[in-house]
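Here are some exercises to work through with the model open in your viewer. Try each task yourself before reading its solution.

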Amino acid sequence: MAVIQHAKIKKWQGQYIVQNYKFGTRMFLNQEIDEVNELRRSLLVKQFEAGGSSSQTILSSQSVFPVRQEFLIETTKRHFDEIIDNESVMSSVVVATIKIVQENYGWFYPACRNCNKKVLTKIEYLQYAKTISDEVMNLSPTSLVCSKCECECTSITIKFKVHLRVQDETGSVSFVMFDKDVTKIIGSTASDIRERQVKVNDTESFPHRISRLVEKTLAFKIEVFDYNLNCDYHIYTI
């Protein structure tokens, strides 16, 4: 998709002509621009609706071309009743409305800057780790450990992890939405929101920007894993 900034547009003999304007004309080709991404999504939604969907927004953290391939061609559209009754690992696209943001689960987690995985206290890590290095064993009880890097974490950031209850015409399920998708939808990073809370001494309240996700209708791509099937676990990662 092309965006032209500061240009003269004229119509000549039924055709439009673009001319340079005060030597300040700029052209952007397939750039990640918020307004362009929104237009791309709206065009994708129209194509999605042609197949019978009532979607308003397509949710993805990738560029438009992989999204079109992934959402409209490669992934089967299903309803919640089909997903819940499914007995095999699969990917599905479902159009649903966010009805509840489950605030009791919180909205963020402390993450390692190197790998973005959750950071645990040493005591928490010792409870779940299958193997424990001497380095971790020698850490103080108050040290923080990265569950993926398996070592002390000294550089920490904040990442979104938001629990949602979503509904389509056949039922409702719970989703967990992670950092990239939440950031794209609300237009702020978890770190920015947390910093603002700290500045005004309001670290206990739930961010209004996340609460306003309620009643948004989105197209979600969800994954059904072995754990969902074996444990009859109907909370899905998107």
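Predicted model: local features only at pLDDT ≥ 70, side-chain atom pairs only at ≥ 80, totals over all residues.

Residues are numbered from 1 along each chain as its sequence is written, and side-chain values use heavy atoms, with hydrogens and water left out.

**Exercise 1: the whole chain**

Task: Describe the chain by its secondary structure, burial and contacts.

Solution: 
- Step 1. Begin with the elements: the chain has 9 helices and 14 strands. These are DSSP runs numbered from the N terminus (helices: H or I, at least four residues; strands: E, at least two).
- Step 2. Turn to burial: of the 238 residues, 34% are buried, where buried means under 20% relative accessible area, exposed over 50%, and partly exposed in between (1.4 Å probe, protein chains only).
- Step 3. Look at contacts (heavy atoms within 4.5 Å). Among those with a separation of 6 or more, 59% are between residues 24 or more positions apart.

**Exercise 2: the partners of S12**

Task: Find which strands pair with S12, and in which sense.

Solution: 
- Step 1. Strands pair if DSSP finds at least two bridges between them.
- Step 2. S11 (residues 156–168) runs antiparallel to S12 (residues 171–178), with 8 bridges. A hairpin of 2 residues joins S11 to S12, and Gln-167 stands opposite Ser-172.
- Step 3. S14 (residues 235–237) pairs with S12 in the parallel sense over 3 bridges; here Phe-175 stands opposite Tyr-236.

**Exercise 3: salt bridges**

Task: List the salt bridges and say how accessible their residues are.

Solution: 
- Step 1. Apply the criterion: a side-chain nitrogen of Lys or Arg within 4 Å of a carboxyl oxygen of Asp or Glu.
- Step 2. Glu-215 and Lys-99 meet at 3.0 Å, N to O. The pair links distant parts of the chain, 116 residues apart: Lys-99 is in strand S7 (residues 90–101), while Glu-215 is in the loop between helix H8 (208–211) and strand S13 (217–224). Glu-215 counts as partly exposed because its relative accessibility is 48%, and Lys-99 is partly exposed at 33%.
- Step 3. Lys-159 and Asp-179 meet at 3.7 Å, N to O. Lys-159 lies in S11 and Asp-179 in helix H6 (residues 179–186), so this bridge ties together parts that are 20 residues apart in sequence. Lys-159 counts as buried at 17%, and so does Asp-179 at 15%.
- Step 4. Lys-221 and Glu-223 form a salt bridge at 3.7 Å, N to O. Glu-223 is partly exposed, with a relative accessible area of 24%.

**Exercise 4: the buried side of H6**

Task: Work out which residues of H6 are buried and what they pack against.

Solution: 
- Step 1. The buried residues are Asp-179, Asp-181, Val-182 and Ile-186.
- Step 2. The buried residues of H6 pack against S11, S12, helix H7 (190–199) and H8.
- Step 3. Just after H6, Gly-187 has a positive phi of about 80°.

**Exercise 5: the surface**

Task: Locate a nonpolar patch on the surface.

Solution: 
- Step 1. Accessible areas use the Shrake-Rupley method with a 1.4 Å probe; for residues, only the protein chains shown count as cover. The chain exposes about 14,900 Å², and carbon and sulfur atoms supply 49% of it.
- Step 2. Patch residues have over 30% relative accessible area and no salt bridge; like charges are joined within 9 Å, nonpolar side chains (Val, Leu, Ile, Met, Phe, Trp, Tyr) within 5 Å.
- Step 3. Tyr-16 is in strand S3 (residues 15–20) and is exposed, at 62% relative accessible area.
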